[in-house]
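I opened this notebook to record what I looked up in one structure.

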Amino acid sequence: TLVNGVVSHLVQAIRGKDGCFSSIERQSAGSYYERVKISEPNEFDIMLVMPVERIQMDPSDDTGAFYYVSFKRAPKEKGLLKFLDEDGKLSAFKMLQALREFIKQEVKNIKDVEVTVARKKAGSPAITLQIKNPPSEISVDIILTLEVQHSWPLSTQGGLKIEQWLGTKVKRDMRFRSLYLVAKQNKTEKVLRGNTWRLSFSHIEKDMITNHGNSKTCCESDGPKCCRKGCLKLLKYLLEQLKMKHPKELEKFCSYHVKTAFFHSCVTWPNDSDWHLGDLDHCFQQCLGFFVDCLQKSQLTHFFIPQYNLFSLEDKARHHFLSRKISHELNNGFPVFHK
């Protein structure tokens, strides 16, 4: 309720302001809204989605995930022109900065609750709000997202291998949905200009987690229950606990890594009978085995972009460190869960 109040206030103020952000819509993303949040609901992800039309997307590297965005014709929202860089590319950095400044000013007008904007984290696409909620604090990541009616780029061609799991028709419908691009710095650029956008499939991921069954009735009120969500929660919880124990060594790992491994596991074991509710222990260990295998090979393929490895090869030592820690947990009955 607290988060909704703050975000609604901001969205209204942003839309009421002249120009470029007037068509922004809020969309909830992340684990709380996918119903796979594991601890207190103290972190929220909110996407501020902005439709843009008639754009051109050019890959900024060979991952297939990062793009430059430019307009084929002058945009309807004339205010967007001020965010173009000297090459005519839409600068994620400039847009994010403008939105951040506006939000910093606007939170001062929120009367009934104390809200501050956290310091900018290098390379993060989020504007983070801290909401005082004694005795604790809630953090809300606001992510600027472009929504484009554009066919999915070539790099996604062999991804989303859900035919056996969710079916060919579901896959076709998903690929017809609009594309999301989030303001994210591409660290491999020769010159860091801050004008790259990264593909985001959070809206599709949310759907896959919500409608996760091979049969349509899986986990419906009168249908058979499965343990897929339970597995994902445990995977996330395990990584969270290990990160608290080894913050320095594991700082580069995030819940998206285990979420990706989980999706690959759903494809490897596509049937609801592979995920009986009573087999949670076995299924969790199976998913974990898959993830450890990825760590040992330093290869975790992006679920939608098969050419994109989410594990950087220069982090091999970190991958092996995490793989050892997980194997230790597996072989000793998960001591980290009993702390």
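Entry 1. I began with helix α7 of this predicted model, which runs over residues 255–268. I noted that α7 has 14 residues and reaches 20 Å from its first C-alpha to its last. That span is close to the 20 Å expected at 1.5 Å a residue.

Entry 2. I next asked how many residues of α7 are buried. I found 10 of the 14 buried, so α7 is largely enclosed by the rest of the structure. Here I counted a residue as buried when its relative accessible area is under 20%. The buried residues form a list from H257 through V258, K259, T260, A261, F262, F263, H264 and S265 to C266.

Entry 3. Which elements do the buried residues of α7 pack against? I recorded α5 (202–210), α6 (228–245) and α8 (280–297) as their partners.

Entry 4. I then turned to the chain, in which I listed 9 helices and 9 strands. Of its 339 residues, 50% count as buried.

Entry 5. I looked up the radius of gyration and found 21 Å. A compact globule of 339 residues would have a value near 20 Å, so the chain agrees with that expectation. I also noted that the C-alpha trace spans about 55 × 50 × 45 Å along its principal axes.

Entry 6. I examined contacts with a separation of 6 or more, and residues 24 or more positions apart account for 63% of them.

Entry 7. I closed with surface and charge. The accessible surface comes to about 16900 Å², and 51% of it belongs to carbon and sulfur atoms. The chain has 50 positive and 39 negative charges, whose mean positions are 2 Å apart.

Key:
Residues are numbered from 1 along each chain as its sequence is written. This is a predicted model: local features need pLDDT of at least 70, side-chain atom pairs count only at pLDDT 80 or more; totals for chains, interfaces and linings use all residues. Side-chain values use heavy atoms; hydrogens and water are left out. Helices (H or I, at least four residues) and strands (E, at least two) are DSSP runs, numbered from the N terminus. The radius of gyration is taken over C-alpha atoms; the globule rule is 2.2 Å times the number of residues to the power 0.38. Buried means under 20% relative accessible area, exposed over 50%, partly exposed in between (1.4 Å probe, protein chains only). Contact means heavy atoms within 4.5 Å. Accessible areas come from the Shrake-Rupley method with a 1.4 Å probe; for residues, only the protein chains shown count as cover. Lys and Arg count as positive and Asp and Glu as negative; His and the chain ends are not counted. The place of a charge is taken as NZ of Lys, CZ of Arg, CG of Asp or CD of Glu. The expected span of a helix is 1.5 Å times one less than its number of residues.
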